[in-house]
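Reader: I would like to learn how to read domains, helix packing and a ligand shell in a model. Can you take me through them in turn?

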Amino acid sequence: MSPASPASLTEVVLPGRVDPEGLQLRTRPVPEPGPGQVLVAVEASGVSFAEQQMRRGKYYDQPPFPFVPGYDLVGTVAETGAGVDPGLRGRRFAVLTKVGGWASHVLADAGDLVAVPDGVGAAEAETVVVNGITAWQMLHRVAGARAGTTVLVHGANGGVGSTLVQLARRAGITVIGTASPRHHDAVRALGATPVDYRDPDLAARVRELAPGGVDAVFDHVGGEGIVDSFRLLARGGTLVSYGTAATRDVPGSSRAPVLKLFARLLLWNLLPNGRKAHFYNLWAGSRRRAAYQARLREDLGQVLALLASGEFTAQVAARIPLSEAARAMRLAESGTVTGKVVLVSGS
Ligand SMILES: NC(=O)c1ccc[n+]([C@@H]2O[C@H](COP(=O)([O-])OP(=O)(O)OC[C@H]3O[C@@H](n4cnc5c(N)ncnc54)[C@H](OP(=O)(O)O)[C@@H]3O)[C@@H](O)[C@H]2O)c1
């Protein structure tokens with residue numbers, strides 16, 4: 001261990017189904033990186049919707065309790081293991097982790113590192129790790145959205161949603177964004193036309209703005225509202241479903257709402273209706289590790305480059321110390337934020 005690395009690390013533990021205040025802080029010795037690994041001194045990690053589901057035991061791929069949450073992080077390499085270029089030390093990288101990111105130090109495979117361009121801050125880069133990959137891939141790899149088209153983005157003030165809006169606008173796409181009224185000014189500032197997602201006439205409001213239907217809908221809400229999302233598509237349009245936020249607080253299996261959604265999407269694809277329905281999964285293809293890592297580097301690299309050039313503005317909702325993860329989680333769940341709540345650690 002180099003003299004620069006401390007002897008112990010701090011991490012946040014989710015011990016079971018608890019309120020945010022039930023999160024625990026733990027310290028333990030800093031581990032040595034094994035072959036092919038690096039030790040990352042974490043500067044920023046994100047609070048995602050996934051952790052809201054995980055603390056309720058409602059994440060589709062729920063990890064067993066207790067565990068350290070944290071879907072993504074940005075930090076600098078503190079130590080390198082055998083077979084890893086020692087020149088990586090001191091450089092800033094982003095890592096998609098799914099769990100484990102809410103810590104001061106994290107072991108990562110060197111192949112999972114995505115370089116953060118010089119001049120981009122850790123918290124700013126953090127906002128586009130899981131959100132940037134998800135938004136970029138849904139927009140460009142799944143929907144194949146083109147300039148001159150119109151899309152509907154649900155939850156346009158959220159982490160993924162606000163990223164999608166900016167990427168779509170930059171690609172010359174007109175965006176209608178659903179959000180609660182308190183976020184309409186922020187959604188407008190991102191370049192989208194806001195509509196209230198709680199409006200019982202939401203579909204009619206969208207049709208007023210896009211009488212011929214929209215070319216793509218990005219829907220993380222699921223539930224019965226997904227039917228309207230599909231109906232709002234123009235002929236040739238694409239529904240990109242990527243979550244079931246509507247069922248976060250519904251008791252019962254975490255998988256049942258997703259499986260019901262899959263069945264619906266499958267049926268819509270089989271019917272001759274001239275529209276397509278996809279479920280986007282960030283982890284699809286991750287068993288073919290090298291190809292998956294290369295795709296992440298390419299896609300996240302594109303978003304980070306836009307951030308570095310100033311063509312994309314990071315939406316940091318708040319920077320909160322790692323030791324106050326409970327407050328960060330409460331804030332992320334409050335329905336009052338635009339963008340991403342970021343946990344910051346280090347000096
Ligand atoms: N499939 C994948 O691979 C993948 C990858 C990444 C993320 N996701 C999904 O993407 C979604 C967004 O994640 P995030 O981290 O960006 O979350 P976030 O920052 O917490 O934003 C969530 C957004 O959803 C809105 N929302 C919450 N509950 C809702 C409901 N019941 N009905 C309608 N809107 C609701 C929120 O509006 P308010 O602010 O008004 O509450 C907010 O705009 C999540 O559902 C997550 O599971 C999926």
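Author: What follows goes from the domains to the packed helices and then to the ligand. Keep in mind that this is a predicted model.

Reader: Which stretches make up domain 1 and domain 2?

Author: Domain 1 is built from two stretches, 8–127 and 314–344, while domain 2 covers 130–279. Their centres, taken over C-alpha atoms, are separated by 27 Å.

Reader: How many residues does each domain give to the contact?

Author: Domain 1 supplies 20 residues and domain 2 supplies 14 residues. On the side of domain 1 that touches domain 2, helix α1 (residues 49–54) gives the most, with three residues. By class, that side of domain 1 has five nonpolar, eleven polar and four charged residues.

Reader: How are two packed helices described?

Author: Two numbers are used: the angle between the axes and the distance between them. Here, helix α3 (residues 130–142) packs with helix α4 (residues 159–170) at about 50 degrees, and their axes are 9 Å apart.

Reader: Which residues of α3 and α4 meet?

Author: From α3 come N131, G132, T134, A135, W136 and L139, and they meet G159, V160, T163, L164, L167 and A168 in α4. This contact has seven nonpolar and five polar residues, with no charged ones.

Reader: At what angle do α3 and α9 pack?

Author: Helix α9 (residues 289–309) packs with α3 at an angle of about 100 degrees, with the axes 9 Å apart. That makes α3 roughly perpendicular to α9. On the α3 side, G132, I133, W136 and Q137 take part, meeting L296, D299, L300, Q302 and V303 in α9. The contact of α3 with α9 divides into five nonpolar, three polar and one charged.

Reader: Now the ligand. Which residues come nearest to the ligand?

Author: There are 26 residues around the ligand, and F49, G155, G158, G159 and G243 come nearest. Two or more residues of the shell come from each of the elements α1, α3 and α4.

Reader: How do the residues of the shell divide by class, and which domains do they come from?

Author: The shell has 13 nonpolar and 13 polar residues, and no charged ones. Domain 1 and domain 2 each give at least three residues to the shell.

Definitions and conventions: Residues numbered from 1 in each chain as written. Predicted model: local features only at pLDDT ≥ 70, side-chain atom pairs only at ≥ 80, totals over all residues. Domains from an automatic or database assignment. Contact = placed C-beta atoms within 7 Å. Helix = DSSP H or I, 4+ residues; strand = E, 2+ residues; numbered from the N terminus. Nonpolar A, V, L, I, M, F, W, Y, C, P; charged D, E, K, R; others polar. Axes fitted to C-alpha atoms, helices over the stretch in contact; angles between N-to-C directions. Near = placed C-beta within 6 Å. Parallel < 35°, antiparallel > 145°, perpendicular 65-115°, else oblique.
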